[in-house]
Amino acid sequence: GDQTVIADVAGENVAGMAQVGASLPGRMKNRTTRVLDQRQYKQGERVQMASQEQLGTRGDFHGTINEVTKRRAREAKPLYEYAYERTLPYTAKLKELVGRSSPWMDTLWKTAQDLAKLNKRDLPQVLEVTQSNSGRPIINVTQAPDMVAWDYIKRALDVMLKTEARKGNIGGELVSGLKQLRRELTAELDRLNPAYGKARAAWGGESRSLEAMEMGRNFLKIESDLVPAELRKMSPGDQDFFREGVTRKLKDIIVNTGDALDVVRKIFGTKELRDRLRAVFPDTKSFREFQKTMLTEAKFAQTKRDVHPKSGSQTARLQAEQDVLSGDLARWGIGMLTGDTREVVGSVARRVARPLGRGIDAPTSEAMADVLMSQGVAGNKATLARAQQLADAARLQRGALNRPGILALTAGEAREDE
């Protein structure tokens, strides 16, 4: 895109020339530092925008949660109040479910009481959890739970499952057992109190959306082969909420990565990470578009590591300076810019850039900066085309070019076109 510079795309020869120019005092060094630093600082923003665009999300995780939560409460509240008025028998099925939940009931009941208090309700002490001599939990039902108590026990199950989802545990034995318990409990309560089923449907649709968002935010903790299966279980709407969570997770990684560091390595740097991301995109096309952005950003980061004056081996930079001072730039000239080294050792290249006994002079440094660190696809393509034309002409008219050489001529033409 508009961030690309010649040094990104013209091959190793040109990158090497940029490295040499950036290692010596002058406009080339200053411009290289400024262009590459500014580009790297904005990398996170570009990656974030690409993820939102290709995942099809808003990028407003907490705002979406607030909207869903308010809508859920507004639509479900009157239905719950009506369902709470019903008196339920303590059926054999409910007794069996209480007994089966004994390993978790102490936690479930305490969570249910806490949730009720948040909603300004006090649950009667209908359950007591003690332990046998062997340490096994024993559930004592002091009185039959009412509809309100059952609902908050069910909500406590939701909380436990959400906690396990945050840990990435979506396919384990504990989660499977809790989900089965919740399914059977809600089925029995719906049978005994159809009004509760209607209230739960109004609440549950939005709750599943919130769970999908939370699961998406924790997608890196989920085994990669389980992600597609979980997405297939969701409605198209909940899949969108899942991807909103994924977008938020990517943003978390970006925010926690320093401005000067390469965020692509953290979210796209291994096959495992790429496979996880591939699984959450809507289709192959959207993933490939995102992949294209990641590969471009990876190239930008590589150019910075290769060329930036403060990157890499200082010993290598000193050697590069010695090479320039001994006249090697004269042998590189056209070949470095075009990738064609066959003519480099000829008399044309020597006359393009004479042996520099005092390093790179100001006109040459300015010319290198204009050519190698200019940004924009159209301009860079034109620059490379002009460079190739000049190189071809040089082969026909050896000796026609003079210092500061092909870089200056190419840059001069670029300025004339502006």
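**Asp 283 and the helices of this protein**

Author: Asp 283 lies in the loop between helix 14 (271–280) and helix 15. Helices here are DSSP runs of H or I with at least four residues, and strands are runs of E with at least two, numbered from the N terminus. This is a predicted model, in which local features need pLDDT of at least 70 and side-chain atom pairs count only at pLDDT 80 or more, while totals for chains, interfaces and linings use all residues. Residues are numbered from 1 along each chain as its sequence is written, and side-chain values use heavy atoms, with hydrogens and water left out.

Reader: What makes Asp 283 count as partly exposed?

Author: Its relative accessibility is 42%. Buried means under 20% relative accessible area and exposed means over 50%, with partly exposed in between (1.4 Å probe, protein chains only). A value of 42% therefore counts as partly exposed.

Reader: Which backbone nitrogens does the side chain of Asp 283 reach?

Author: At the start of helix 15, a side-chain oxygen of Asp 283 reaches to within 3.3 Å of the backbone nitrogen of Lys 285. A polar atom of the Asp 283 side chain also lies 2.8 Å from the backbone nitrogen of Ser 286. A polar contact is a pair of N or O atoms within 3.5 Å; within protein, one must be able to donate a hydrogen and the other to accept it, and residues adjacent in sequence count only if both atoms are side-chain atoms.

Reader: Why is helix 4 called roughly antiparallel to helix 15?

Author: The axes of helix 4 (residues 43–55) and helix 15 (residues 284–307) come within 9 Å and cross at roughly 170°. Axes are lines fitted to C-alpha atoms, for helices over the stretch in contact, and angles run from 0 to 180 degrees between N-to-C directions. Angles under 35 degrees count as roughly parallel, over 145 as roughly antiparallel, 65 to 115 as roughly perpendicular and the rest as oblique. Helix 4 is therefore roughly antiparallel to helix 15.

Reader: Which residues meet there, and how do they divide by class?

Author: From helix 4 they include Arg 46, Val 47 and Ala 50, and from helix 15 they include Glu 289, Phe 290 and Met 294. In this setting contact means heavy atoms within 4.5 Å. By class there are 6 nonpolar, 5 polar and 3 charged residues. Ala, Val, Leu, Ile, Met, Phe, Trp, Tyr, Cys and Pro count as nonpolar, Asp, Glu, Lys and Arg as charged, and the others, Gly among them, as polar.

Reader: How do you know that the length of helix 15 is close to what is expected?

Author: Helix 15 has 24 residues and spans 34 Å from its first C-alpha to its last, against 34 Å expected at 1.5 Å a residue. The expected span is 1.5 Å times one less than the number of residues. Helix 8 (residues 147–166), with 20 residues, reaches 29 Å, close to its expected 28 Å. Helix 8 is also mostly covered, with 16 of its 20 residues buried.

Reader: What makes helix 4 and helix 12 roughly antiparallel?

Author: Helix 4 packs with helix 12 (residues 236–255) at an angle of about 175°, with the axes 10 Å apart. That pair is therefore roughly antiparallel too. Among the residues that meet are Val 47 and Leu 55 of helix 4, and Val 246 and Leu 250 of helix 12. This contact divides into 5 nonpolar, 5 polar and 2 charged residues.

Reader: Why is Tyr 80 called buried, and what does it touch?

Author: Tyr 80, in helix 5 (residues 61–84), has 5% relative accessibility and so counts as buried. Leaving aside neighbours within four places in sequence, Tyr 80 is in contact with residues including Asp 151, Arg 155 and Trp 203. The C-alpha atoms of Tyr 80 and Trp 203 are separated by 9.1 Å, though the two are 123 residues apart along the chain.

Reader: Is Asn 218 buried or exposed, and what about Lys 120?

Author: Asn 218 has a relative accessible area of 9%, so Asn 218 is buried. Its side chain reaches the backbone oxygen of Glu 214 at 2.8 Å. Lys 120, at 81%, is exposed. Lys 120 sits in the loop between helix 7 (102–118) and strand 1 (127–131), and its phi is near 60°, a positive value in a residue other than glycine. Most residues other than glycine have a negative phi.
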